[in-house]
Structures are given as structure tokens and as C-alpha cells.
Amino acid sequence: MSTKPARPAETEERTRDRVLQGVLTHGPVSAAKLGELLSLTPAAVRRHLDALEKNNLIEVASHRQHGAGAGRPARRYVIAPQGHSELGNDYLDIARDALTMLKDAVGEDALRQFASTRAHDMAERYRPIVEAAGGDVSARAEALAEAMTRDGFVATANEMAPAVGMRTKLPDNLLASIQLCQGHCPVRDLAEDFSVFCDQETEIISELLGVDVRRLSTMAGGAHVCTTHIPLGRPPASAPQIPEETPGDTAP
């Protein structure tokens, strides 16, 4: 039986999770002590501590050792409030079992309704932010990416142009597009078993941007990032369609 090889990004993420768990278990704890406890080099543990602190998952608490005098206080790390929310993912197995039971007991429709409700909540949370960006699809995609990043999706919206020198004439609406990339997915492990979460997320992206989009890759499917193709050069779906005038349409 073959197994999937571990990707470098996954190994880095697991190590960072170990550091976060170490701070939770032993904090307030110094970088040197944490390195000893986790068998990590000083450079490695500091790299992960810096990243966790930057993401507001841990914070530094001033701590003076008894008898240390009036010198510079030692840096000790503790879990930040947002870090406790991150560690709440320990309930993954319970969530997976509950969704499996829901599917088996009630059926696929119940599972789809659950995912739809979650997607609806996301859409309503992001809608005011996207609408404030105006009618331009590019601006709306950028606003959506920023909003998703604040929710932990680590999203970016990058405009893609056709290759220079392309000989084939493409329709105007295919000449440029945006790729919405998500570097993290809070429900990735659940989506591996229940793809309906990915399907519903794609639908709300399309709904919020007002154009048809296509999901090119997902982390649940084994990719490094979730990538959504967003076409440019076409009016939003909600924009009124004005028919072209032809000779004889206007009254004399």
C-alpha cells in the first residue's frame, strides 16, 4: 500500500504546531528552553516563534527570575488569545465523526445544507466589504482576498495576463483573469472527506464577485494552495444588460 510523501510545507506546518503546543504546555517559556524540550535547534525554534508571534498566536510576557537582579527581563512566550482559537482545531476528529453521522443518518442533502449554511454566513460577512470596493471585478477580488486573509485563509488576488506573442486571437473576456489563491484552509482536513465545503466556497466566491469562476485546485485535493480562476473583461452578473440599438429601432 503506497502512502503520500510528506511535502516540505506540511513538515514546516507540523513543526510550527509543535512549537505552538509547546508554548501552551510550558509557557511562560524561553526560546532556549523550548528548543531543548522539542529537540529543535535555536535557529529553528526562533524562526517558528517569530512566525507565530507575527500571526498573533503567541506573545511575549516580561518575566524576571528571582535573584536575577535588575537586569534586562528574560523573554518568555505565552499563548495569545488568537492562539487559543487556533488550538481549538483539536476537535477535528469529533467534527468529522459528527458530519459522517449526519450524512449516514439523514443523507447527503443534510450535509449539503450544513455546508451551505456555513457558506452563507461567510458570504454575508464578506458582502459589505466586497460591495464597498465598487463594481470592478479586480477591486472586488482584492477586497475579498483581504477579508479572507483576516479570517486566516492567507489569500491573494493576482492578475494574470496572456503570454506575450500569443498567436491565437482570444475573446476579450479571456485576455486577462485573476487567480484568487488561498494558502491556508481552516477546514482543509474536513474537506478531504467532504468536498461539499469546497463546492460551497466556490459558489460564494462567484456570488460575491458577480462572475462565473472556476476552482483550479484545492488543498483538500492535494495541492499546495486553493486556486480560483476569475475572468476579467465581462460585466458583473448583476449589471443591467443594455441591448444594442439597430437601425429602425428608434422612433422618428
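Reader: In which helix do R127 and E124 both lie, and how many residues apart are they?

Author: R127 and E124 both belong to helix α6 (residues 108-131), where three residues, about one turn of the helix, separate them; a helix here is a DSSP run of H or I with at least four residues, a strand is a run of E with at least two, and both are numbered from the N terminus. Please keep in mind that this is a predicted model, in which local features need pLDDT of at least 70 and side-chain atom pairs count only at pLDDT 80 or more, while totals for chains, interfaces and linings use all residues. Residues are numbered from 1 along each chain as its sequence is written, and side-chain values use heavy atoms, with hydrogens and water left out.

Reader: Why is the link between R127 and E124 called a salt bridge?

Author: The term requires a side-chain nitrogen of Lys or Arg within 4 Å of a carboxyl oxygen of Asp or Glu. The closest N and O atoms of R127 and E124 are 2.9 Å apart, which is within that limit, so the pair qualifies as a salt bridge. In general, side chains of opposite charge can pair when their charged atoms come close. The whole structure holds eleven salt bridges.

Reader: What makes R127 and E124 partly exposed rather than buried or exposed?

Author: Buried means under 20% relative accessible area, exposed means over 50%, and partly exposed is what lies in between, with a 1.4 Å probe and protein chains only. R127 has 22% and E124 has 37%, so both values fall in the middle range and both residues count as partly exposed.

Reader: How do you know that R75 and E53 form a salt bridge, and which parts does the pair tie together?

Author: The N to O distance between the side chains of R75 and E53 is 3.9 Å, which is within the 4 Å limit, so this pair too is a salt bridge. R75 sits in strand β2 (residues 74-79) and E53 in helix α3 (residues 42-54), so the bridge ties together parts that are 22 residues apart in sequence. R16 and E12, by contrast, are four residues apart in helix α1 (residues 8-26), about one helical turn, and their side chains meet at 3.8 Å, N to O. E12 and R16 are also linked with R47 in a network of salt bridges.

Reader: How do you know that β3 and β4 are paired strands?

Author: Two strands pair if DSSP finds at least two bridges between them. One of the facing positions is T156, which stands opposite C181 in β4, and E159 has I178 as its bridge partner in β4. Another six bridges join β4 to β6, again antiparallel.

Reader: What makes β3 and β5 the edges of the sheet?

Author: The sheet is open and has four strands in the order β3-β4-β6-β5, with antiparallel pairing. β3 (155-160) and β5 (214-217) each have a single partner strand, so one side of each is left without a neighbour in the sheet. The twist from one strand to the next averages 25°. As for β4, five of its six residues are buried, so the rest of the structure largely encloses this strand.

Reader: What makes a group of residues a nonpolar core, and which residues of the largest one touch the most other members?

Author: Such a core is a set of buried Ala, Val, Leu, Ile, Met, Phe, Trp, Tyr and Cys residues joined through side-chain atoms within 4.5 Å. The largest has 24 residues, of which Y126, L144, M148, L180, L209 and I230 touch the most other members. The elements giving two or more residues to this core are α6, α7, β3, β4 and α9, and α7 gives the most, with six. A second, separate core of 15 residues includes L38, L49, Y77 and I79.

Reader: Why is the aromatic pair of F114 and F197 called edge-to-face?

Author: A search of the whole structure finds one aromatic pair. F114 and F197 form this pair, with 6.3 Å from centre to centre and 85° between the planes. Rings of Phe, Tyr and Trp (its six-membered ring) pair if their centres lie within 6.5 Å, and planes under 30 degrees apart count as stacked, over 60 as edge-to-face and the rest as tilted; the distance is within the limit and the angle is over 60, so the pair is edge-to-face.

Conventions:
Axes are lines fitted to C-alpha atoms, for helices over the stretch in contact, and angles run from 0 to 180 degrees between N-to-C directions.
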